[in-house]
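Q: I would like to learn how to read a model like this one. Please show it and start with the overall fold.

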Amino acid sequence: MFSSKLVLVYSLFFLVLPLGSIAHILKACKFEAIYQLGDSLSDTGNVIIENPSSAYARLPYGQNFYKKATGRCSNGLLMIDYIALSAGLPLLDAYLNPKASTSHGVNFAVAGSTALPVEFLAEKYSLVPPVTNSSLTVQLGWMLSHFNTTCYSRQDCSKKLEKSLFLVGEIGGNDYIYSLLEGKTIDEVKSVRSDVVKAIKDAILRVIDYGATRIVVPGNLPMGCLPAFLTEFDTNDSNAYDEFHCLKEVNSLSMNFNGHLQKAIEKIEKEHPNVTIIYGDFYNAYKWILQNAQLLGFSPNSLQKACCGSGGNYNYNVLRRCGASGVPVCPNPQQHISWDGIHLTQEAYRHLATWIICDIFQKLQCGV
């Protein structure tokens with residue numbers, strides 16, 4: 001459930017203070033490295049190394065980031081980029097990049113990845129992920145390989161990782177997305193939840209075993225607010241939408257998943273009292289943006305419309321997606337929350353990151 005008290009607190013905090021005054025607060029944590037697992041919300045280039053013909057490998061993706069595509073599923077920077085900048089660290093290179101600098105961390109995230117192994121999804125749920133086979137399990141294997149080449153021993157790794165931040169996700173959203181878009185009912189999609197949460201829980205335990213002591217585990221965004229889902233489940237029933245014109249039933253999936261993920265995190269915290277595990281509340285951060293959209297500079301007429309896309313009420317057509325020939329790009333992406341109907345604009349990610357950074361900073365207890 002969305003907390004009106006939380007909205008008020010963060011609204012006052014962000015709208016009164018200048019962004020520059022909080023942009024670098026993670027420097028106080030003195031992180032020496034950041035390690036990221038996840039999907040397209042945080043991939044900084046792995047997907048286009050796996051698939052160079054991907055739309056994410058060409059403009060307009062990355063048009064606001066050195067005027068070139070980097071594999072980021074946006075017009076510019078992502079949340080992980082702003083988190084790295086706040087910590088005073090270089091932007092994370094993709095693990096699959098042979099020229100990657102790994103001295104300040106590594107990004108293992110892959111756009112389109114699932115929390116569950118693709119073989120498991122195919123066998124149990126008859127789902128075949130269309131973008132990548134690099135699930136969370138594969139990414140954890142990459143992480144182990146990386147640490148095996150950079151640490152002399154388990155003790156050496158533990159010492160090195162004491163000053164590192166680990167982000168396990170966002171992951172799991174694609175398991176739901178693929179299920180929904182394959183035509184499964186809401187109840188059928190809910191059946192995937194326990195397996196997805198278990199996969200993330202196992203991943204948290206794996207990174208703890210590697211030596212992680214400070215971990216952020218983000219939840220799902222409110223999927224019912226994204227143009228792709230607003231288009232897919234468009235209806236004339238006004239009762240299907242909330243006050244932000246987001247689909248209630250689809251958002252209930254996100255809330256249900258997030259609630260169970262938080263319970264799993266709490267259980268692991270009790271079992272590992274010396275490890276700080278923080279839930280990254282992407283859901284409420286996104287809702288905060290909708291609540292304060294005009295004050296943040298977003299156009300009220302564009303809140304539910306993709307900047308890069310075409311057709312329909314939400315400027316999204318699954319058959320003519322962003323990056324395809326002839327698909328237009330809006331002239332003012334900074335006024336849009338959605339970039340391509342599924343992913344967000346750099347400006348939206350900047351505000352999401354600011355909300356998340358401030359939320360996790362107090363819980364990290366840096367300097368205490």
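A: With 368 residues, a compact globule would have a radius of gyration near 21 Å, and the chain agrees at 19 Å. That radius is taken over C-alpha atoms, and the globule rule is 2.2 Å times the number of residues to the power 0.38. This is a predicted model: local features need pLDDT of at least 70, side-chain atom pairs count only at pLDDT 80 or more, and totals for chains, interfaces and linings use all residues. Residues are numbered from 1 along each chain as its sequence is written, and side-chain values use heavy atoms, with hydrogens and water left out.

Q: What share of the residues in the chain is buried?

A: Buried means under 20% relative accessible area, exposed over 50%, and partly exposed in between (1.4 Å probe, protein chains only). Here 58% of the 368 residues are buried.

Q: Which residues have the most contacts inside the largest nonpolar core?

A: In soluble globular proteins, nonpolar side chains tend to be buried together. A nonpolar core is a set of buried Ala, Val, Leu, Ile, Met, Phe, Trp, Tyr and Cys residues joined through side-chain atoms within 4.5 Å. The largest one has 120 residues, and Ile 34, Ile 200, Ile 204, Val 207 and Ile 215 have the most contacts inside it.

Q: What is Ile 34 in contact with, leaving aside its neighbours within four places in sequence?

A: Contact means heavy atoms within 4.5 Å. The partners of Ile 34 include Ile 80, Leu 92, His 104 and Leu 167.

Q: Does Asn 148 count as buried or exposed?

A: Asn 148 counts as exposed because its relative accessibility is 56%.
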